[in-house]
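Hi everyone, thanks for making time. Let me put the structure up, and then I'll talk you through a few spots.

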Amino acid sequence: MADQHDAPLAATHLEEEEAPHLPATKSGFLPIETNWFDRLFISVVIWIALSLFWFRFVEPLGLSIWISNAIATALAYVIIKKG
């Protein structure tokens, strides 16, 4: 039992050539570090805000809410893929 605690960790034996390289983090156009779920959440919030704006100002002019949904879907795709 004492031998297990006295043994050095395997990671300390790695040389610089053998050390695993972490992939570079992907930086998008969003000014914060995000994962896919964060970008999905941002997209949903934008979708709701755009829908509310559309209902208040644009739909009384005669344009359907489906146009807003198409815009929000395209925007969500761009945010999730490239954000």
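I'll start with how to read the model, then go through the record, the aromatic rings and one alanine.

This is a predicted model, so to speak: local features need pLDDT of at least 70, side-chain atom pairs count only at pLDDT 80 or more, and totals for chains, interfaces and linings use all residues. Residues are numbered from 1 along each chain as its sequence is written, and side-chain values use heavy atoms, with hydrogens and water left out.

Okay, the record. An unreviewed UniProt entry lists residues 36–55 and 61–80 as "transmembrane region"; positions follow the numbering used here, feature names are shortened, and annotations may be inferred rather than shown by experiment. In the model, residues 36–55 are 100% helix and 0% strand, with the end C-alpha atoms 28 Å apart. Residues 61–80 come out at 80% helix and 0% strand, with 31 Å between the end C-alpha atoms. Helices here are DSSP runs of H or I, at least four residues, strands are runs of E, at least two, and both are numbered from the N terminus.

Now the rings. How many aromatic pairs are there? Two, counting rings of Phe, Tyr and Trp (its six-membered ring) with centres within 6.5 Å; planes under 30 degrees apart are stacked, over 60 edge-to-face, the rest tilted. Trp 36 and Phe 37 are edge-to-face, 5.8 Å centre to centre with 90° between the planes. Phe 53 and Phe 57 sit 5.1 Å apart at 45°, so that pair is tilted. Both lie in helix H2, four residues apart, about one turn.

Last, Ala 49, also in helix H2 (residues 36–58). Its C-alpha is 9.7 Å from that of Ala 72, 23 residues away in sequence.
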